[in-house]
2 protein chains.
Amino acid sequence: MKAYAALSNEELITLKRELESEYTEFKNRNLTLDMSRGKPSTDQLDLSKGMLESLKSDDYISEDGTDCRNYGILDGIKEAKQMFSQMLDVSTKEIIIGGNSSLNLMYDIIARAMIFGVLDSEKPWGKYDKIKFLAPSPGYDRHFAICEHFGIEMITIELNDDGPDMDRIEELVRTDETIKGIWCVPKYSNPDGITYSDEVVHRFANLRPAAKDFRIFWDNAYCVHDLTDNPDKLLNLLDECKKNGNDNMPLMFASTAKISFAGSGIAMVAASEDNINFIKKQMSIQTIGSDKINQLRHVRFFGDFNGILEHMKKHRSIIAPKFDVVIGMLDNEIAPLGIASYRKPNGGYFISLNTMDGCAKRVASLCKDAGVTLTPAGVTFPYSSDTRDRNIRIAPTYPPVSELKVAMELLCLCIKLASVEKLLGQ
Amino acid sequence: MKAYAALSNEELITLKRELESEYTEFKNRNLTLDMSRGKPSTDQLDLSKGMLESLKSDDYISEDGTDCRNYGILDGIKEAKQMFSQMLDVSTKEIIIGGNSSLNLMYDIIARAMIFGVLDSEKPWGKYDKIKFLAPSPGYDRHFAICEHFGIEMITIELNDDGPDMDRIEELVRTDETIKGIWCVPKYSNPDGITYSDEVVHRFANLRPAAKDFRIFWDNAYCVHDLTDNPDKLLNLLDECKKNGNDNMPLMFASTAKISFAGSGIAMVAASEDNINFIKKQMSIQTIGSDKINQLRHVRFFGDFNGILEHMKKHRSIIAPKFDVVIGMLDNEIAPLGIASYRKPNGGYFISLNTMDGCAKRVASLCKDAGVTLTPAGVTFPYSSDTRDRNIRIAPTYPPVSELKVAMELLCLCIKLASVEKLLGQ
């Protein structure tokens, strides 16, 4: 195979005709495949089947004697706090167990920040003419949607191999008091699969923001979602922040959405004890507490944190082969042509691919017309604005391997076709 | 027994000595009983024990083929919408099934109203110098706490036997554009057990508020919580509002907190289709959806709405006797003395008692010192300000009958003692 850049115009025209004919064949197959979201597959959900029966009808009393069926306990039952504080490597005083959605926890914290401010705020965030968040990108579209919703201006920050561009972050937060937060998916980032290096975490912990109420939204969604024998290691941001007197800066989130059941898991937020107490005080007006029975169900099913780690190995055995399919096909079909770049992540839920500039939307649209839905091109950037129009998020977990192979064949074909069109100046 | 008002000073002094000696005996028993909150008893929770096992490990697919374990479906699974739309007597397009807490739904709607406004708002509620809510009182302390939290000024409205003082409500909302809402517990009100009459509901539906975005927060928490063979009937507010072109005025809430499990139930909001679509659009930024497995669990356990009604009969058989204990003791011990008034409710969770003016705090404090915790006196009014200091909320459901009897003996004694003190001008 020859890199496309080395092809003559004539060769490109011939190639285009061949690719178009292949594409027409695909279209005639009337596929309907979905690679748009990071959803666990049925096989993965089946791993937690037993959780539906993990509580017998006489099993509802928690360790400290609480009847989990009744009202009470705002921040979660003791044994759930124990299990998940280990997952996030914090103390049981530094965690709140919430409902089924970590997105909901993040949204609520920002909503309350807009109306009331966070712990160290001089005034509510909503009282500023404009506040800003930093958005390392490509990133998670739902984070960006929260900012858009609340009218929080986002500043795109480049994501390097070891994490976000810290020079730029340090410079921006140092002088601008209206920069109130940053979105991070620090381990196996969505979509790039990057894990922040120790140096990056150290620099985060050392930030000296002009805003005393600057917060790092540390969405550790993939904290135990390893796919290799040598998983990435992420430093504990809260620990590092404490060493620098920045105890209240990080708000760390996780959930079991991609451990147990995506729709019926448990979400949690971890932070300094002062932050946690502040959040609990605010939360006490909103709710009497989250579903304790579901917390107990998780505790019974997993036993302890080690049980979660064992469980994650089963997930790995299902989804690692899917990542291998994607990477394998990209390695064979795309890499030699020099028309796209991508990383092989050691965990998480996505593979992020960069086409030649100006081709991502075209690729997504070609795929869609042939029956394969990708995440809409661009959404991995604030305001869906991928200025180079090149990022495509591949979510390989949901489809079965057989479907994934077909979808990837089409994707590779569409990347080629869009690249040829681009090279021909069309 | 003689009414206290008819006693001479000397008789009162003798009586006081007797009551004090009885009270000392109580104190020596070192009781620790709790009648502070409307919590279901263990017996009641046991009625839903089967729900912990109502889903087998292969039972997770909803009627329309949705795998309830996975992401998706913002507003609840079809069969849950069907069941609970019947409970609230609305169409399945007029309901959202939420998480485990209706308080959370109310809080979130008000939080979003502060930041963005509701459907018909000209501007966010938070952009006014001050907005106000009407608060029929005595009422539910957690409603009032939400208003205090958001800095929404509350105007206390008197609650009559057939509902709130509608003359005053009509007059207030007609002219004041900053009155944005009203809290109602329209059936078996907390704490009085009053059900709004048809005329009151008609007048609500006919309101012509100056604020186009005025909302009735209709917390139908006790919609199926009857305690007699002739339960109260409440008109459907949404239906009545539609007849008057006020389709978007009501927001109706309910939950299974006092049907299935208090901490692990399902909450819901019902409203006009336009309202529901507006709320769903806002919610889509906050969460991917509530716990669908718990919705399916409820559907499997109850079968259909009729199953809920049958289940409520079992609750009734447990708690009606407790209400009888309270009413019986008040009838025997208090009524003849002319020192307090109360109603016998046909449902709900509370009995509300009015002492002589200026005695409620004293009664609660006497009870507390002898080991019985009541709801803190005053909290049934906005800003905990019971200007006449007379309302006491009795929550009879949680303690077993034996404990309830002891607690009521003490309560009756404390009412007598506080009344005598009052009559003696102490």
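Student: Where is Tyr383(B) placed in chain B?
Tutor: In this predicted model, Tyr383(B) sits in the loop between strand S12 (372–374) and S13 of chain B.

Student: And what is its phi like?
Tutor: Phi of Tyr383(B) is near 55°, which is a positive value in a residue other than glycine. As background, most residues other than glycine have a negative phi.

Student: Let's go back to S13 of chain B. Which sheet is S13 in?
Tutor: S13 belongs to an open sheet of three strands in chain B, with the order S10-S11-S13 and antiparallel pairing. The edge strands are S10 (340–342) and S13 (391–394) of chain B, each of which pairs on one side only, and the twist averages 25° from one strand to the next.

Student: How many bridges hold S10(B) and S11?
Tutor: S10(B) and strand S11 (residues 351–355) of chain B pair in the antiparallel sense over three bridges, and within this pair Ala340(B) stands opposite Thr355(B) in S11(B).

Student: Which helices lie across those strands?
Tutor: Helix H11 (residues 305–334) of chain B lies across S10, S11 and S13 of chain B and runs at about 20° to S11(B), while helix H12 (residues 360–369) of chain B lies across S11 and S13 of chain B and runs at about 40° to S13(B).

Student: Switching to chain A, is strand S3 covered or exposed?
Tutor: Strand S3 (residues 132–137) of chain A is mostly covered, with six of its six residues buried. Lys132(A), Leu134(A) and Pro136(A) point one way from S3(A), whereas Phe133(A), Ala135(A) and Ser137(A) point the other way.

Student: Which strands does S3(A) pair with?
Tutor: S3(A) pairs in the parallel sense with strand S4 (residues 153–160) of chain A over six bridges, and in the parallel sense with strand S6 (residues 179–184) of chain A over three bridges. Ala135(A) stands opposite Thr156(A) in S4(A), and Phe133(A) stands opposite Gly181(A) in S6(A).

Student: Where are the cis peptide bonds you'd point me to?
Tutor: One of them runs from Asn190(A) to Pro191(A), with omega near 5°, and Pro191(A) lies in the loop between S6 and helix H7 (198–205) of chain A. Another runs from Ser137(B) to Pro138(B), again with omega near 5°, and Pro138(B) lies in the loop between strand S3 (132–137) and helix H5 (141–150) of chain B.

Student: Last topic: what rotation superposes chain B on chain A?
Tutor: A rotation of 180° with 0.0 Å of shift along its axis superposes chain B on chain A, at an RMSD of 0.0 Å, and that is the relation of a two-fold axis. In chain B, the C-alpha nearest the axis is that of Glu53(B), 3.2 Å from it.

How values were computed:
Residues numbered from 1 in each chain as written. Chains lettered and ligands numbered in written order. Predicted model: local features only at pLDDT ≥ 70, side-chain atom pairs only at ≥ 80, totals over all residues. Pairing = 2+ DSSP bridges. Helix = DSSP H or I, 4+ residues; strand = E, 2+ residues; numbered from the N terminus. Axes fitted to C-alpha atoms, helices over the stretch in contact; angles between N-to-C directions. Contact = placed C-beta atoms within 7 Å. Buried ≥ 20, exposed ≤ 12 C-beta atoms within 10 Å, placed from the backbone. Least-squares fit on C-alpha atoms with pLDDT ≥ 70 in both.
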